[in-house]
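Work through the exercises below with the model open. Try each task before reading its solution.

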Amino acid sequence: MSDTKIDRTGKRLNETTLIRGGTVVTADNTVRADVLIAGEKVIAVAESLQAPVGARTIDAGGAYVMPGGIDPHVHMELPFMGTVSVDDFLSGTACAAAGGTTMIIDFAIPAPGQSLLETYAIWRERARKATTDYSFHMAITWWSPEVAEEMTILAREHGVNSFKHFMAYKNAIMVDDATLIESFTRARDVGAICMVHAENGDLVFRMQQEIVARGIVGPEGHPLSRPPEVEGEAANRACQIAGIVGVPLYIVHTSCRPAMEAIARAKLAGQRVFGESLVQHLVIDDSVYRDTDWRRAAHHVMSPPFRAPEHQTALWGGLQGGTIEVIGTDHCTFRTDQKAMGATDFRKIPNGTGGLEERMSVLWHHGVGSGRLTPSEFVAATSTNAARIFNVHPKKGTIAVGSDADIVVWDPDATRTLSARSHHSRNDFSIFEGMRVTGAAAITLSRGTVLWENGRLTPLEGHGCYVHRPCFGDTTRSQAIRNTFTMPTAVERQEFVP
Ligand code: URQ
Ligand code: ZN
Ligand code: ZN
């Protein structure tokens, strides 16, 4: 009886693979070592390993062997602003593999009033086609006792340990402070982490109206309506609320100095606050909105918007200094004809850009290639920190015995020009068009299965698995949650006696 098992995609599971001659890079060290994979797991990391009979051998001589990337911020086939993002869970995860990423965390986003459990089931169904592993944050877009109850069920039974809150997108999915407080409290009590899109949505709404009233309706109006101060205010408010409630906080797509400084202040106060930035915000500035070609300017409409160059400098400093721990992409792609929904009013341009395939090459080129980051810091920012923050380490985010064999053989010398003509996204443009970068995935393995090899993508529909992310149990909650603000007790409270 053959001991070869077949997975649901018809793939032989018991393959043994030896990756030899490479330099293994984890967030903690860099070492010459071979990696032995049996089926879906790493079973040995050491020098001069022998290949078992029948094993496949990958010669990684001269290359790095790194944990597959984790992008904790993507939106596949998201219904948003009257349309749907064009990359679905198959095309999106195929892009991921081509770029060296082996796990995505998407966002299940209920319409206000919609059941969270129903939303979760919808996203699970959509994601069945994925070729790499995936998980979901759950967005809180309204509040009721049922929402609180369903948060608990998702946390305890479905491996959702992170809840997202949009402080922008008024009259759509934006929530107010009262909901933030209720949701943050429930998340704290179940041992989950909270996430925010930090822009003051009321200010944005008012500024949009004023800008349009002045006759500015083109894409240049978009950044004018959401300046850095609007993001900084919301980031600070979210940090303060999270600190008083006593829940860990993750601020997504931090794009500017004021928001980053709010994170730094919270960290200095001892709060468990994590900063994420997007690779595109590190290398693209707000001059894109002054492009005379409407299409190219509209291609770059996303929130928060691209910022003036001094904010890129601040974000690189934050990444190097540890205020920003994770680099994601917020991959949420809309084609030119979809962007044209806002041809006469920038408020109607679907917000979002792509980057999932380009993320690791762009960060390697501009980060490691420039000397800003070491290879280990690159691995931390593109994989390990996200695995630790969202509680899937060491299953994901490292190369160690027992870890999933999510591995990228990284060629630090591979040079290419990024372009929509060669990318694997369904989008008809790339915001990185023409960017020349050095450093690329040569081979990407998802739980031991090769999906990308020397320029050839072989996505396996349905190969990807849902990744349960356990909440922070009591034993680890003390590390996960630092309740900096203790609510005053009656004794301490100085009762005012008239
Ligand atoms: O806000 C988000 O993260 C989603 C809706 C993607 N769009 C964007 O402009 N960032
Ligand atoms: Zn957002
Ligand atoms: Zn997003």
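**Exercise 1. Find the protein donors of the zinc ion (ligand 2) and classify its site.**

Solution. Start with the contacts. His197 (ND1) and His253 (NE2) coordinate the zinc ion (ligand 2) at 2.1 Å. Donors here are N, O and S atoms within 2.8 Å of the metal (3.2 Å for Na, K and Ca); water is not among the atoms, so sites may look incomplete. Next, take the angles. The four donor atoms subtend 57 to 147°, which makes the arrangement irregular. Four donors count as tetrahedral if all angles lie between 85 and 135 degrees; four count as square planar and six as octahedral if opposite donors are over 155 degrees apart and all others between 65 and 115; anything else is irregular.

A note on the model: it is predicted, local features need pLDDT of at least 70, side-chain atom pairs count only at pLDDT 80 or more, and totals for chains, interfaces and linings use all residues. Residues are numbered from 1 along each chain as its sequence is written, chains are lettered from A and ligands numbered from 1 in the order written, and side-chain values use heavy atoms, without hydrogens and water.

**Exercise 2. Which polar atoms lie by the oxygen atoms of ligand 1?**

Solution. Check the side chains. A polar atom of His75 is 3.3 Å from a ligand 1 oxygen. For His197 the distance is 3.2 Å. Then check the backbone. A polar backbone atom of Ser303 is 2.7 Å from an oxygen of ligand 1.

Conventions. Polar contact = N/O pair within 3.5 Å; in protein donor to acceptor, adjacent residues only side chain to side chain.
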